[in-house]
Amino acid sequence: MQQPIKKIGKQTLQFMQPPVVLSFASIVGPMEGKGPYGSAFDYILEDTLFGEKSWEKAESKMLRETIKMTLQKANLTAPDVDFMLAGDLLNQIVAANFAAREITIPFLGLYGACSTMAESIGLGSILIDGGFAHRVIAGVSSHHHTAERQFRFPTEQGVHRPLWSQWTVTGSGGILLAREGNGPVITHLTVGQVVDLGIKDSNDMGAAMAPAAVDTLIRHFQDLNRQSLDYDLILTGDLGTVGLKLTWELLKMEGYRVENNLKDCGVLLYHPEQDTHAGGSGCGCSAVMLCGPILRRVVEGAYRRVLFVGTGALLSPTTVYQGESVPSIAHAVVIEYIPPG
Amino acid sequence: MYNQNLKNKYNALFNIVQRLKEKKEQAQPQKEKTTIPSNLNPVEQEELQKQIDQQAYQWLVQQHQPRTTWLRNTILAFLVGGIICTLGQIIQNYFRGFGLTLREAGTVTVFIMVFLGAFLTGLGIYDKIGKYGGAGSIIPITGFANSIVASAMEFKREGYVYGVGARLFNVAGPVLTFGFIISVLIGLLYYFFT
């Protein structure tokens with residue numbers, strides 16, 4: 001018997017058996033720990049090296065420990081999980097690859113820049129709903145220093161950052177999805193299209209990503225015939241203050257009303273006094289906010305329906321130096337939860 | 001005017017892009033509107049249309065970007081740069097007091113300033129100065145020392161050959177390259193015109 005197609009409209013998938021979020025965990029760096037949501041993360045690093053010899057090693061360890069912690073919280077071990085989907089910002093996604101070397105779960109490495117958390121949750125849900133897996137673990141990480149040295153300058157270099165630049169988050173988040181169980185469920189996924197409105201300044205990632213976020217949001221609303229106010233929370237990944245304002249503006253132009261339910265992880269994660277300029281960025285930014293405070297609040301019943309939009313700027317230092325603009329992508333997943341009782 | 005290819009690229013943003021252009025025109029009526037000449041081939045037309053659309057978005061972005069605090073930055077750069085140069089002058093005067101010639105005192109001062117820049121980088125202080133000082137802390141020789149030591153510290157983990165050795169001049173390299181080129185050019189001018 002042929003299976004029915006689960007795609008709705010142009011870009012949205014509807015899961016027939018919505019995968020359940022069994023557990024989630026997050027580890028953040030010291031600076032993120034001092035932010036407004038410090039107490040909502042599972043573990044705060046004392047220093048950015050995490051007892052390792054290099055920042056790359058520290059990032060990989062952070063991801064590894066997050067995955068282990070996620071499994072522990074669900075009282076499961078590695079053999080209980082069918083696939084691990086993970087990614088990060090480094091060249092050849094080494095943090096994820098090296099974490100997977102230690103965790104013996106069949107592994108698919110992903111790169112979606114800062115949108116990887118949404119991408120991995122989406123793909124994990126597809127695997128489960130498609131009947132290919134019982135349990136899938138998704139995890140991503142980013143590290144301020146590894147990203148900084150790869151994309152910009154050596155960390156001790158005295159540079160003046162523009163006011164619209166963002167601060168790469170040190171942190172990693174993991175989420176365990178399963179076919180059966182109790183917990184929040186992933187009901188839909190909207191796969192984004194790469195959008196580029198010609199922003200060339202690699203510091204201005206919020207402005208580059210805002211159109212991608214808006215594009216995916218509009219497609220999502222159209223495909224499901226929903227409105228922006230149907231969601232208790234629309235959580236974008238790392239648009240920062242500039243990108244969030246632009247998203248707001250662009251959505252308004254298309255006639256969508258967004259009120260206090262549109263929030264951005266990059267803006268939420270730090271206190272304004274922490275002087276990150278436009279807010280946080282990086283894979284870890286959306287990952288730690290989702291797998292920390294936001295899912296906690298979902299489980300508590302504060303949010304019944306959340307639209308999580310991971311946004312990613314698909315640039316590399318080489319493309320920037322060659323004068324290319326910054327293409328961007330956004331994927332959206334719907335998380336719903338009705339608390340028992 | 002729009003071919004399907006460009007429309008596909010805008011996906012759900014097509015209407016927004018059109019509205020952005022209208023808004024930009026309303027806000028800047030004095031600006032001449034770019035029209036697309038009909039004698040261009042479809043690929044060139046698409047390229048030009050894309051540029052017009054992108055400019056409309058960039059116009060919106062500019063309105064929402066935080067204003068760069070030019071005055072504050074300039075004053076801070078002046079103060080930080082000034083303090084570094086004054087310090088250099090004090091050191092130079094001090095050594096001249098020992099009877100060194102201007103050239104000798106200058107050389108010693110350079111040694112000390114480079115050491116200070118490197119030392120403060122190692123302590124993790126120079127990047128904090130640079131955050132406020134901007135060009136004021138990059139242009140003096142302490143900034144040059146900072147760029148080399150910062151690279152050395154950064155790439156030490158990749159070993160002494162492929163890390164420190166290969167990438168020591170990661171940031172300072174262009175300064176040296178163009179510094180050498182300019183000095184050769186000035187040398188040639190000096191040779192031919194004196």
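B:H64 is found in helix α3 of chain B. In this predicted model, B:H64 is buried, with a relative accessible area of 14%, which is below the 20% limit for that class.

**Contacts of B:H64**

- Leaving out residues up to four places away in sequence, B:H64 touches A:V242, A:K245, A:L246 and A:E249.
- One of these contacts, A:L246, is listed with the residues that have the most contacts inside the largest nonpolar core.

**Nonpolar cores**

- The largest nonpolar core consists of 50 residues, and those with the most contacts inside it are A:I234, A:L246, A:L307, B:I16, B:L20, B:Y57 and B:L60.
- At least two residues of this core come from each of α6 (205-224), α7 (240-253), β14 and β15 in chain A, and likewise from each of α1 (4-10), α2 (14-27) and α3 (42-64) in chain B.
- Helix α6(A) gives the largest share, twelve residues.
- A second, separate core has 48 residues, among them A:L110, A:V140, A:L233 and A:Y337.

**Strand β14 of chain A**

- Strand β14(A) covers residues 305-313 and is mostly covered, with eight of its nine residues buried.
- Strand β11 of chain A, residues 233-236, pairs with β14(A) in the parallel sense over four bridges.
- Within β14(A), A:V309 stands opposite A:T236.
- Strand β15 of chain A, residues 328-336, runs antiparallel to β14(A), and nine bridges join the two.
- A:L307 has A:V334 in β15(A) as its bridge partner.
- Not counting residues up to four places away in sequence, A:L307 touches A:L217, A:H220, A:F221, A:Y231, A:L233, A:I234, A:L235, A:A332, A:V333 and A:V334.

**Surface patch on chain B**

- B:F178, B:I181, B:I182, B:V184, B:L185, B:I186, B:L188, B:L189, B:Y191, B:F192 and B:F193 make a nonpolar surface patch of about 1200 Å².
- One of the patch residues, B:I186, has its place in helix α10 of chain B, residues 173-193.
- B:I186 counts as exposed because its relative accessible area is 51%, and exposed means over 50%.

Notes: Residues are numbered from 1 along each chain as its sequence is written. Chains are lettered from A and ligands numbered from 1 in the order in which they are written. This is a predicted model: local features need pLDDT of at least 70, side-chain atom pairs count only at pLDDT 80 or more; totals for chains, interfaces and linings use all residues. Side-chain values use heavy atoms; hydrogens and water are left out. Buried means under 20% relative accessible area, exposed over 50%, partly exposed in between (1.4 Å probe, protein chains only). Two strands pair if DSSP finds at least two bridges between them. Patches are made of residues with over 30% relative accessible area and no salt bridge: like charges are joined within 9 Å, nonpolar side chains (Val, Leu, Ile, Met, Phe, Trp, Tyr) within 5 Å. Accessible areas come from the Shrake-Rupley method with a 1.4 Å probe; for residues, only the protein chains shown count as cover. A salt bridge is a side-chain nitrogen of Lys or Arg within 4 Å of a carboxyl oxygen of Asp or Glu. A nonpolar core is a set of buried Ala, Val, Leu, Ile, Met, Phe, Trp, Tyr and Cys residues joined through side-chain atoms within 4.5 Å. Contact means heavy atoms within 4.5 Å.
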